[in-house]
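The following note sets out a reading of the model, point by point. It is intended to be consulted alongside the coordinates.

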Amino acid sequence: VQLQASGGGLVQAGGSLRLSCAASGRTFSRYVMGWFRQAPGKEREFVAAISRNGGSTYYADSVKGRFTISRDNVKNLVYLQMNSLKPEDTAVYYCAAGSLLGTSVRTYDYWGQGALVTVSS
């Protein structure tokens, strides 16, 4: 599966952005989907994940209550709605697809190219 993330940009602290990730192929619904992020000089970290049918979601503690992951298995899209953004949310955000639901980078087999989110103070 090929993944293409979009929707990044510059936003002031307290603002909102919605990232989208478009997946190619007809097997999208077979994959668990996740969002990760990587800030300059830091390792890639887990942000959120969603099960194949969208019935279960998981979040990093740092974004819980502010970010929402969702998916549309008809349109082959996964979203990350980000509210109450903070400067520390600044990073390149990556969508990923895998067979197992997890928070580790190693759990996911396919990765998009990343979308830059910059939150100004």
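What percentage of the 121 residues of the chain count as buried? The value is 44%, and it should be read with the reminder that this is a predicted model.

1. Overall composition. The chain contains eleven strands and zero helices. Followed along the sequence, the pattern is accordingly β-β-β-β-β-β-β-β-β-β-β. The radius of gyration is 13 Å, close to the 14 Å that the globule rule gives for 121 residues, so the chain is as compact as a globular protein of that length.

2. Extent and contact order. The C-alpha trace spans about 40 × 25 × 25 Å along its principal axes.

3. Four strands, in the order 1-3-8-7, make up an open sheet with antiparallel pairing. Strand 1 (3-6) and strand 7 are at the edges; each has a single partner strand, so one side of each is left without a neighbour in the sheet. On average, and with direction ignored, neighbouring strands of this sheet are turned by 15° against each other.

4. Strand 8 within the sheet. Strand 8 comprises residues 77-82, and five of its six residues are buried. Strand 3 (residues 17-23) pairs with strand 8 in the antiparallel sense over six bridges. Within that pairing, leucine 80 in strand 8 is the bridge partner of leucine 19. Strand 7 (residues 67-72) also pairs with strand 8 in the antiparallel sense, over six bridges; here arginine 71 stands opposite valine 78.

5. The hairpin. Strand 7 and strand 8 form a hairpin, with four residues between them. In the turn, asparagine 76 has a positive phi of about 60°, a point that may be inspected directly in the coordinates.

6. The pairing of strand 1. Strand 1 is joined to strand 3 by four bridges in the antiparallel sense.

7. The disulfide. How many disulfides does a search of the whole structure find? The search returns one, formed by cysteine 21 and cysteine 95, with their sulfur atoms 2.1 Å apart. The pair links distant parts of the chain, as cysteine 21 lies in strand 3 and cysteine 95 in strand 9 (residues 91-98), 74 residues apart. The link of cysteine 21 and cysteine 95 is right-handed, with 60° about the S-S bond. Both cysteine 21 and cysteine 95 are buried. In general terms, a disulfide is a covalent bond between the sulfur atoms of two cysteines.

8. Arginine 66. Is arginine 66 buried or exposed? Its relative accessible area is 11%, so arginine 66 counts as buried, the cut-off being under 20%. Arginine 66 is located in the loop between strand 6 (57-59) and strand 7. Its side chain makes a polar contact with the side chain of aspartate 89, at 2.8 Å. With residues up to four places away in sequence not counted, arginine 66 touches Gln81, Met82, Asn83, Ser84, Leu85, Lys86 and Asp89.

Definitions and conventions. Residues numbered from 1 in each chain as written. Predicted model: local features only at pLDDT ≥ 70, side-chain atom pairs only at ≥ 80, totals over all residues. Heavy atoms only, no water. Buried < 20%, exposed > 50% of the residue type's maximum accessible area, 1.4 Å probe, protein only. Helix = DSSP H or I, 4+ residues; strand = E, 2+ residues; numbered from the N terminus. Pairing = 2+ DSSP bridges. Axes fitted to C-alpha atoms, helices over the stretch in contact; angles between N-to-C directions. Polar contact = N/O pair within 3.5 Å; in protein donor to acceptor, adjacent residues only side chain to side chain. Contact = heavy atoms within 4.5 Å. Disulfide = S-S within 2.5 Å. Rg over C-alpha atoms; globule rule 2.2 N^0.38 Å.
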